[in-house]
Amino acid sequence: MKRVLMTGATGFVGSFLAAALMERGHKLVLLSRRSRNKSARQRVDEVLGCVTRGVNRFKGQYIVVEGDVTREHLALGSDAGDLGKIDAVFHLAAALDFLQTNKENVFHTNIVGTRNALDLCTAWRINEFHHVSTLFVAGDREGTIMEGDLDCGQSFMNPYEESKLNGEKLVREWARRDPRNSHRIYRLPVVCGDSITGKTIAFNGLYGFCAPFWVVKQQIIRRMKKNGHDLDGSGITLGPDGTLHIPLTVQISSDSSLDMIPVDWVVRNIVHLFESEGSKGLTFHFAHAVPPKATDIIRMCFSAMGITGIDVVDKWPDGRASEHAHTALRSVQRSVGSLIGRFTGYMKNHKSFDTTNMRAMMGDSFNPPPRIDRALVDRLMRFAMENNFRNVS
Ligand SMILES: NC(=O)c1ccc[n+]([C@@H]2O[C@H](COP(=O)([O-])OP(=O)(O)OC[C@H]3O[C@@H](n4cnc5c(N)ncnc54)[C@H](OP(=O)(O)O)[C@@H]3O)[C@@H](O)[C@H]2O)c1
């Protein structure tokens, strides 16, 4: 059993991973920030309470330290002091922000933050570094992306992708600097909630795409109940079962795919690789052999949310005006257009991710990621709707 310092434990993947590592008997030192009204400890307890039943059984298996990855030695000091011996660091803390305008903060958190975590390892004599990254360090490359590939001159859709590539470079440099150092890099796809319970603590990624439609549905239903005459002639109808028909058009190329995998599969495989000696120095792609079609996932999401009438088209039909004829739907149609623009970059079909390392290391334990089918999407969306797409913490 190992004693692990983890960053990012209040985050989506980190909280599920912390629970999975403790389930296996590992001991954790969880680095967290405080918020305005909650201590670091309260925040960690809250998210762990959400992702696992009976968090009390882990009492004594984790401690929480307050820190910040943007500060030298994560603000923990240049030696471990009372924290005692740490065997490995799991680095997940990151800013998952795609906006160009937030580039400075994203670079600071994801690049400087990674450097600070590596410097802490050097100062505290920790030789094992586990780095959680993204498939999208591949940027705009096409074709087959190998797990060993890194900087191949690619361009990026946003500063986040570029920052994660630079973070990976620092990890590899650190590992080269001292033969005692070893690293693993886990490149994740778009991660969604638990495949069995639908649970998540953060509603970004696919949820970020679906949430605005869910909000619009609630707004329209409220408006219809109040008077609704301003919607006459818009083609919007509310069925007796609560299904709302909204005549909108969404343009997504029919050959787009969305590499999306439930969080339980992701953390189960990370834990297995973490515990495998042979995984040292390797990078692992977490990807479907054949990723699901983006249009299929989107259609299943609309259906699970009780929304019909949305036409998912390959290309804008000739002769159909992109401006909606009815005033009530014009602004909705426009915001749908800009929403799609933010997501289509992640729905491209021109690259595939090789998983040789992953398959070799998992051996007989390798199970392909669960199929993204209607039953799974229903579970994910049910949990999201019950929680109004509202993040924990
Ligand atoms: N979720 C995905 O679909 C996905 C896909 C590919 C890769 N990944 C990678 O997986 C990792 C975890 O992602 P996630 O989805 O769990 O992200 P998340 O839910 O946004 O969580 C981010 C975590 O980083 C922490 N953090 C941010 N800035 C920090 C700072 N300055 N000091 C200390 N902690 C800080 C956050 O703490 P606070 O709670 O205090 O903000 C939070 O715990 C990231 O490295 C990400 O790049 C995620």
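Analyst: Let's start in a loop: Ala75 lies between β3 and β4. Keep in mind that this is a predicted model. Phi of Ala75 is near 70°, a positive value in a residue that isn't glycine. Is Ala75 buried, exposed or something in between? Ala75 has 16 other C-beta atoms within 10 Å, so it is partly exposed.

Leu74 is found in the loop between β3 and β4 too. Its phi is near 60°, another positive value in a residue other than glycine. But Leu74 has 23 C-beta neighbours inside 10 Å. Since 20 or more makes a residue buried, Leu74 counts as buried.

Now for the strands on either side of that loop. They belong to an open sheet of seven strands, in the order β3-β2-β1-β4-β5-β7-β12, with parallel pairing. What happens at the edges of the sheet? β3 (62-66) and β12 (283-285) sit there with a single partner strand each, so one side of each has no neighbour in the sheet. From one strand to the next, the twist averages 20°.

What holds strands side by side? Strands of a sheet pair through backbone hydrogen bonds, and they can do so parallel or antiparallel. Let's walk across a few of the pairs here. β2 (residues 27-32) runs parallel to β3, and five bridges join the two. If you want a spot to look for, find Leu30, which stands opposite Val64 in β3.

Helices pack on this sheet as well. Helix α1 (residues 12-23) touches β1, β2, β3 and β5, and its direction makes about 160° with that of β2. Helix α3 touches β1, β4 and β5, and its direction makes about 175° with that of β4. We'll come back to α3 in a moment.

β1 and β4 run parallel, joined by four bridges, and Met6 stands opposite Phe90 in β4. β4 then pairs with β5, again in the parallel sense, over three bridges. Here His91 has His131 in β5 as its bridge partner.

Val4 is found in strand β1. Val4 has 24 C-beta neighbours inside 10 Å, so it counts as buried. Leaving out residues up to four places away in sequence, Val4 touches Leu21, His26, Leu28, Asp87, Ala88 and Phe90. Val4 and Ala93 are 89 residues apart in sequence, yet their C-alpha atoms are 14 Å apart in space.

Which residues of α3 are buried? Among them are Val106, Thr109, Asn110, Gly113, Ala117, Leu120, Cys121 and Trp124. What covers the buried residues of α3? The cover includes the strands β1 (3-7), β4 (88-91) and β5 (128-134), along with helix α4 (159-177).

Finally, zoom out. The chain is divided into domain 1 (3-195 + 258-291 + 352-370) and domain 2 (206-256 + 293-344). Taken over C-alpha atoms, the centres of domain 1 and domain 2 are separated by 36 Å.

Notes. Residues are numbered from 1 along each chain as its sequence is written. This is a predicted model: local features need pLDDT of at least 70, side-chain atom pairs count only at pLDDT 80 or more; totals for chains, interfaces and linings use all residues. A residue is buried if 20 or more other C-beta atoms lie within 10 Å of its own, exposed if 12 or fewer, and partly exposed in between; C-beta atoms are placed from the backbone. Two residues are in contact if their C-beta atoms, placed from the backbone, lie within 7 Å. Two strands pair if DSSP finds at least two bridges between them. Axes are lines fitted to C-alpha atoms, for helices over the stretch in contact, and angles run from 0 to 180 degrees between N-to-C directions. Domain bounds come from an automatic or database domain assignment.
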